Amino acid sequence: MSSLPIYGLVGLPLAAVILVAYQAATGDVSMFNVIMCLVGVVLTEFGITFAYHRMVVHKAFEAHPVIKAITLAFGSMAFQGPVLHWASVHTKHHAHSDQEGDPHSPTIGGFIHAHFEWLLEMNSKELDTVVEKWGTRYKKDPMLVWFTSTFLFWALLSLIIPAVLGYMVGGWHGAWTGFLWGGLVRIFISSHVTWSVNSVCHFFGSRTYTTTDMSRNNPIVGLLALGEGWHNNHHAFPSSAVHGLAWWQIDPTGFMIRLFERIGLVSKVTRIPESLMQKRRIDSQHTALNVQTLALTEEEEVLEEA
Ligand SMILES: [Zn+2]
Ligand SMILES: [Zn+2]
């Protein structure tokens, strides 16, 4: 991966959004395309949150091989890179969160840097180094290696499917607008939603639990990113399958994990004991002095060792 495709990844979806906004202003917009775009956002975003993030990186649960494969395919279709690369970068983020070495920290590099500038700056050699250091345990899983080697196929398939569906509905014009909405506009929305977890959720929002970073719980990103916006909860308890730890913190990915667990498609779901949550809650007892000692929980140590 070099910088040029990354510039394309950031620039082309933006150009498509401007184009479809112009088309919509002239009356050229269909409900079919809008729905296809939103369904695409939810499915590929779910691939990232369920498979790439909670299942692969944090081992928050184990999924039936079929569910694992389907959701890894959705994750690959999100155009956020092969699973091995995504997982390695995210592992590094947890190990150095908001400290020197964090690939995307708004408190160190600034908001725009954390949102997507870091992607433009990271060349393929640096990415290889990150995978080399942080990706060892992922390379041991043959399915992750296979999805990494076939990434381009899934990524291209996610552009072809909406074009074909668009063609079936509206001929060649339908294929073009289907490609724009279900392909590029869908990538634009899901990319910015995921990037917001890295930028917004280390900058804007509330903190419920003690952590060594600036992670925040942000309700808007919480909802848009299918539960990933409860990011302070996540940094406090990285291995928790559910990120919305309070009853009112909507976490669609956590809901699906529990649903899959109930019907036997997911097992070994990690739940955080109430006593541990209580211990880490920010209150009058937790002064700035003891935050550091409380922050590195056993599970974070396990993550760093991995
Ligand atoms: Zn974070
Ligand atoms: Zn994480």
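Q: At what angle do helix α2 and helix α13 pack, and how far apart are their axes?
A: In this predicted model, helix α2 (residues 31–57) and helix α13 (residues 252–262) pack at about 70 degrees, with their axes 10 Å apart. Axes are lines fitted to C-alpha atoms, for helices over the stretch in contact, and angles run from 0 to 180 degrees between N-to-C directions. Helices are DSSP runs of H or I with at least four residues, strands are runs of E with at least two, and both are numbered from the N terminus.

Q: Is α2 roughly parallel or roughly perpendicular to α13?
A: Roughly perpendicular. The cut-offs are under 35 degrees for roughly parallel, over 145 for roughly antiparallel, 65 to 115 for roughly perpendicular, and oblique for the rest.

Q: Left-handed or right-handed crossing of α2 and α13?
A: The crossing of α2 and α13 is right-handed. A crossing is right-handed if the near helix is turned clockwise from the far one by less than a right angle, and left-handed if anticlockwise.

Q: Which residues make the contact of α2 and α13?
A: From α2, Phe 46, Thr 49, Phe 50 and Arg 54. From α13, Thr 253, Gly 254, Met 256, Ile 257 and Phe 260. Contact means heavy atoms within 4.5 Å.

Q: How do the residues of that contact of α2 with α13 divide?
A: Five are nonpolar, three polar and one charged. Ala, Val, Leu, Ile, Met, Phe, Trp, Tyr, Cys and Pro count as nonpolar; Asp, Glu, Lys and Arg as charged; the others, Gly among them, as polar.

Q: What are the ground rules for the model and numbering?
A: Local features need pLDDT of at least 70 and side-chain atom pairs count only at pLDDT 80 or more, while totals for chains, interfaces and linings use all residues. Residues are numbered from 1 along each chain as its sequence is written, chains are lettered from A and ligands numbered from 1 in the order in which they are written, and side-chain values use heavy atoms, with hydrogens and water left out.

Q: Zooming out, how many helices and strands does the chain have?
A: The chain has 16 helices and two strands. Its radius of gyration is 20 Å, close to the 19 Å that the globule rule gives for 306 residues, so the chain is as compact as a globular protein of that length. The radius is taken over C-alpha atoms, and the rule is 2.2 Å times the number of residues to the power 0.38.

Q: What box do the C-alpha atoms of the chain fill?
A: Roughly 65 × 45 × 40 Å, taken along the principal axes.

Q: What share of the residues in the chain is buried?
A: Buried residues make up 52% of the 306. Buried means under 20% relative accessible area, exposed over 50%, partly exposed in between, with a 1.4 Å probe and protein chains only.

Q: And among contacts between residues at least 6 apart in sequence, what share joins residues at least 24 apart?
A: That share is 70%.

Q: Over to α3 and α10. At what angle do they pack?
A: Helix α3 (residues 65–77) and helix α10 (residues 151–199) pack at about 75 degrees, with axes 5 Å apart. That makes α3 roughly perpendicular to α10.

Q: Which residues of α3 and α10 make the contact?
A: Ala 73, Ser 76 and Met 77 of α3. On the α10 side, the list includes Phe 151, Trp 154, Ala 155 and Arg 186. The residues of this contact of α3 with α10 divide into seven nonpolar, two polar and one charged.

Q: Is Ser 76 buried or exposed?
A: Ser 76 is at 0% relative accessibility, so it counts as buried. Leaving aside neighbours within four places in sequence, Ser 76 is in contact with Tyr 52, Phe 147, Phe 151, Trp 154 and Ala 155. The C-alpha atoms of Ser 76 and Tyr 52 are separated by 8.8 Å.

Q: Where is Thr 71 found?
A: In helix α3. Thr 71 counts as buried at 4%. Not counting residues up to four places away in sequence, it touches Phe 46, Gly 47, Phe 50, Ala 51 and Met 55.

Q: What is phi of Phe 79?
A: Positive, about 65 degrees, although Phe 79 is not a glycine. Phe 79 lies in the loop between α3 and α4 (83–95). At 16% relative accessibility, Phe 79 counts as buried.

Q: What about phi of Asp 98?
A: It is near 60 degrees, a positive value in a residue other than glycine. Asp 98 is in the loop between α4 and α5 (106–109), and is buried at 10%.
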